[in-house]
Amino acid sequence: MATALGVVLLSGLLFLALTLTNVREHIVNDIPDCLKHGTAAGIGLFIAFVGLRNAKNVVANPATFVGLGKASDPQVLLAAAGLLLIAILVARRVGAAILIGMVAITIAGIPLGLAHVPAHFLSLPHPSGTFLKLDLRNAFKLGSGTGLRIFLRRSL
């Protein structure tokens, strides 16, 4: 973990340098729009798939790898109701449609046992777990260059 923190720091500094020198802007402008849109669509589909999987709307199937969940499962019904609610709010152009839908379905899931009341509505993590625990020596090693390139690609 300490090496990963070091790589994150180094990639952040490198990203800051690229931004301040306008090199980042040139790199982003050189990427074709179709590639930008395709990447955004792919990431959106992946996030949607993960959400549907967590809601058990999509389940593992040995024959096809992916199958539909049981329509009688309360978790599936609640997720479908949430998607429907959000779709209706978006169609009516409600500004906070997604947030309202998430809160409403979470509240609806509490009596069903599918969600729980949080112990704290706001809590900040204690920095002692990561503060100044980075390992720059290992982050500078040749093998960590791959990690640095990965973080830079995601930042651009």
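Where does Leu134 lie? In this predicted model, Leu134 sits in the loop between α5 and α6 (136-139).

**A nonpolar patch on the surface**

Leu134 is also part of a nonpolar surface patch, together with Leu9, Leu13, Leu136 and Phe140. Taken together, these residues have about 440 Å² of accessible area. With a relative accessible area of 34%, Leu134 is partly exposed, because that category covers values between 20% and 50%.

**The largest pocket**

Let's turn to the largest pocket, which has a volume of about 560 Å³. Its lining is made up of 19 residues. Those nearest the centre of the pocket are Gly51, Ala55, Ala79, Met102 and Ile105. Which helices each supply at least two residues of the lining? They are α3 (33-54), α4 (74-91) and α5 (97-112), and α4 gives the most, with six residues.

**A closer look at Ala81**

Ala81 counts as partly exposed, because its relative accessibility of 36% falls between the 20% and 50% limits. Ala81 and Ala2 are 79 residues apart in sequence, and their C-alpha atoms are 43 Å apart in space.

Here are the two partly exposed residues described above, side by side.

| Residue | Location | Relative accessible area |
|---|---|---|
| Leu134 | loop between α5 and α6 | Leu134: 34% |

Technical notes
Residues are numbered from 1 along each chain as its sequence is written. This is a predicted model: local features need pLDDT of at least 70, side-chain atom pairs count only at pLDDT 80 or more; totals for chains, interfaces and linings use all residues. Side-chain values use heavy atoms; hydrogens and water are left out. On a 1 Å grid over the protein atoms alone, a cavity is a set of points where a 1.4 Å probe fits but cannot get out, and a pocket is an open set with protein on both sides within 12 Å along at least five of seven lines; lining residues have an atom within 4 Å of a point. Grid points are joined across faces, edges and corners, and a volume is the space filled by probe spheres set on the points. Helices (H or I, at least four residues) and strands (E, at least two) are DSSP runs, numbered from the N terminus. Patches are made of residues with over 30% relative accessible area and no salt bridge: like charges are joined within 9 Å, nonpolar side chains (Val, Leu, Ile, Met, Phe, Trp, Tyr) within 5 Å. Accessible areas come from the Shrake-Rupley method with a 1.4 Å probe; for residues, only the protein chains shown count as cover. A salt bridge is a side-chain nitrogen of Lys or Arg within 4 Å of a carboxyl oxygen of Asp or Glu. Buried means under 20% relative accessible area, exposed over 50%, partly exposed in between (1.4 Å probe, protein chains only).
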